[in-house]
Amino acid sequence: MPRVVADTSALVSLGIVAEVEPNPLSLCLASYDVSVPDEVLTELQEVASYDDEHGRAATAVRDRTDELTVRSVDLDAEFPLDDWENAAVTLANETDAALLLCDEFNRLGLVHASLADTRLVTTPTLLSVFVRTDRLTPDEARTLLDDISAARSWDANSYVQRARSLLDAP
């Protein structure tokens, strides 16, 4: 099973729609060996303390912590990302993960440049992978992306708009 390292932003995105079927968090956990650094679990706990949609999403992910592989990493203090992204990139590089699942759209270029042999994917890209592998229909993926986008305020995000247009392609 391919290894995916996930950061907090992507897990929260998947957690937003964790109560619907098909559940992309379940699909991710069933399709990949999902690893997270300790720092991501700490951030999920912080986000889960909020009484809003993001808090509920983080709680949905934390409820499935036993399905994640949690690892410790040594952070590079000079690395120009926050500790959570830094830890996820470090873990992806240290474990030769196939994928880094990350939704930090404002820093995707830096995250991508920091990866050695790991492919960077976002939640919209992951949904399109599930469509290509017949785990989701295009309509299901569009509905999930719409729900995630509304909660994450991604409606004006050009990356997400492009991903949505690919789901609309015949």
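This is a predicted model: local features need pLDDT of at least 70, side-chain atom pairs count only at pLDDT 80 or more; totals for chains, interfaces and linings use all residues.
Residues are numbered from 1 along each chain as its sequence is written, and side-chain values use heavy atoms, leaving out hydrogens and water. Local features need pLDDT of at least 70 and side-chain atom pairs count only at pLDDT 80 or more, while totals for chains, interfaces and linings use all residues.

Visitor: How are the planes of Phe105 and Trp154 arranged: stacked, tilted or edge-to-face?
Guide: Rings of Phe, Tyr and Trp (its six-membered ring) pair if their centres lie within 6.5 Å; planes under 30 degrees apart count as stacked, over 60 as edge-to-face and the rest as tilted. The ring centres of Phe105 and Trp154 are 5.0 Å apart and the planes stand at 90°, so this pair is edge-to-face.

Visitor: Is Tyr159 buried, partly exposed or exposed?
Guide: Buried means under 20% relative accessible area, exposed over 50%, and partly exposed in between (1.4 Å probe, protein chains only). Phe105, at 16% relative accessibility, counts as buried. Tyr159 has 33% relative accessibility and therefore counts as partly exposed.

Visitor: How many disulfides does a search of the whole structure find?
Guide: A disulfide is a pair of cysteine sulfur atoms within 2.5 Å. For Cys28, the nearest cysteine sulfur, that of Cys102, is 13 Å away, and Cys28 is in no disulfide. The number of disulfides found in the whole structure is zero.
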